[in-house]
Amino acid sequence: MKSIGDHLNFHASALQLRSRRNDILASNIANAATPNFKARDLNYDHQIRQVDGIGPLKATDSKHFNVAVKNPHQTLFYRQPINPSLDGNTVELSVEQLEFSENSLRYQTSLEFLNNRIAGLMSAIRGE
Amino acid sequence: MADINNVFDISGRAMAAQLVRLNTIASNLANAGNLASSEDEAYRSLKPVFETKYADEVRKNGIATAQAVDIVETNRLPEKLYLPDHPSADDNGFVYSAAVNIEEEYVEMMEASRQYQNNVEVITTLRTLMMRTISMGK
């Protein structure tokens, strides 16, 4: 039987990852004018697969080795600029703003899913 | 320097840095037309030096903010004008105009205010998300 925690776990992890990515994108936007700053980003798809256990290698047996990357920071990557600037800064505001708005929208989506699941649980508890 | 923990630290400090930049621009523009009686006394435009402040020393978590660590005087030469009637003219009748490029300052002002706005936008968005997260399940 699945516990209530399992029921909410996936979207909770998604929310955490989205929040972390928002912070990283906020850092990029904050450093848009700093010379030599290199913009970074989080590989969300890769990270959420690890949370979910759906990676290229899945540990389905207790004897399997868990090959998932334990360090959550390892999947940060540097952004490749489309138009490199002379001062060595790789922040492109259009790209960062786009990613930021997309990420916050997806954060809201995850939040909505969580809310729906909680509402479902509540109605089950009340028996209405 | 205190730790950088959340978006209010990240964007808030970047906004402070942009404000320093806007203040130097205001000083430069205010002194743009000033005349001085020697080259050393003439006003030279001020520029802030920005630096990235990382949340952790090893730069692992990708969280960083900007800080204006220093304000430097540019080494541009002030313009030498021949105005013998001017009260602050030197013995040879020259006055020295402030070394400020007004167009450049305008462009920088626009960029600084735009980036300030961007940081405000980030804080507003994330604050809304936080508020919605707090009221989760209601």
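pLDDT is the predictor's confidence in each residue, from 0 to 100. This is a predicted model: local features need pLDDT of at least 70, side-chain atom pairs count only at 80 or more, and totals for chains, interfaces and linings use all residues. Residues are numbered from 1 along each chain as its sequence is written, while chains are lettered from A and ligands numbered from 1 in the order written.

**View 1. Confidence along chain A.** Chain A has a mean pLDDT of 84. In chain A, 86% of residues reach 70 or more. Confidence is lowest in helix H2 (residues 44-52) of chain A, at a mean of 78. It is highest in H3(A), at 93. Helices (H or I, at least four residues) and strands (E, at least two) are DSSP runs, numbered from the N terminus.

**View 2. The side of chain A that touches chain B.** 26 residues of chain A are in contact with 25 residues of chain B. Contact means C-beta atoms, placed from the backbone, within 7 Å. Helix H1 (4-30), strand S1 (40-42) and H3 of chain A each supply at least two residues of this side. The largest share, 9 residues, comes from H3(A).

**View 3. Helix H3 of chain A against helix H2 of chain B.** H3 (residues 93-126) of chain A and H2 (residues 102-134) of chain B pack at about 10°, with axes 10 Å apart. Axes are lines fitted to C-alpha atoms, for helices over the stretch in contact, and angles run from 0 to 180 degrees between N-to-C directions. The contact residues include A:Phe100 and A:Tyr107 of H3(A), and B:Val122 and B:Leu129 of H2(B).

Key:
Two residues are in contact if their C-beta atoms, placed from the backbone, lie within 7 Å.
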